[in-house]
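Dear colleague,

Please find the structure below.

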Amino acid sequence: MTLRQTWLAEGRAAVPADAIEQGLWEEIAEEATRCETVAVRRHNQRPGLLVMRDGSITSPQRCRVHPGGSALNALARSKVLADIAGEATGQARMTPIRYGYKFYAPGDYMHVHRDDGKCDITFSCGLTPNLAPMGWLPGLRYLPTQQVADELQDTPYPQGDQFPILHRVMSGFDGRRIPHWRTPLDTQSREVLITICFSGLSVKPS
């Protein structure tokens, strides 16, 4: 299938393993180490799922976050990601509107949720090698937001499919529509996740 066909049928978009230069990955790894010392703790303990006005669903999570610096910005603004985002979603111009590092310590988690309503495609990868696959439910992709929240309200980690989180290889998915989650990290070391959201809207990055 073409990239567009795979997106329409499965809600995902592959990025070639060699699309990003190794040198940039090394710069990003060094930057992440610096950013980790000033990362902000994110610990939402509000129980259950909260439906937002933009169609997203928020839920409990625990990790530390940082928006990154020039190295991550260079990755987010790489032409290859923008081209794949545009081809997959069928939109002529795609802009990275949100990106950052998520630092997961042992036991950190993210309950089932849907991404920001402006996010037409989310790219993600592990900067470190020991992140387990993400859980997701592509079968609920086109259900109304409230119906998804009602169905999953009491199941922070539903029985679903697995979406691989590759080491230094980005993968795109329809995070705005497909509910997804991260079960508690079960390694003994901290792990780093990169996320980059693209939108076809004319908005400024946040």
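Buried means under 20% relative accessible area (1.4 Å probe, protein chains only); helices (H or I, at least four residues) and strands (E, at least two) are DSSP runs, numbered from the N terminus. Just after helix 4, Gly-90 has a positive phi of about 80°.

This is a predicted model: local features need pLDDT of at least 70 and side-chain atom pairs count only at pLDDT 80 or more, while totals for chains, interfaces and linings use all residues. Residues are numbered from 1 along each chain as its sequence is written, and side-chain values use heavy atoms, without hydrogens and water.

**Aromatic pairs**

The structure holds four aromatic pairs (rings of Phe, Tyr and Trp, the last by its six-membered ring, with centres within 6.5 Å; planes under 30 degrees apart count as stacked, over 60 as edge-to-face and the rest as tilted). The ring centres of Phe-123 and Phe-198 are 5.6 Å apart and their planes stand at 80°, so this pair is edge-to-face. Phe-123 belongs to strand 8 and Phe-198 to strand 13, 75 residues apart. Phe-123 is buried, at 0% relative accessible area, and Phe-198 is buried, at 0% relative accessibility.

Trp-136 and Phe-163 also form an edge-to-face pair, with 4.8 Å between centres and 70° between planes. Ring pairs link Trp-136, Phe-163 and Phe-173 into a cluster.

Yours sincerely

Definitions and conventions
Buried means under 20% relative accessible area, exposed over 50%, partly exposed in between (1.4 Å probe, protein chains only).
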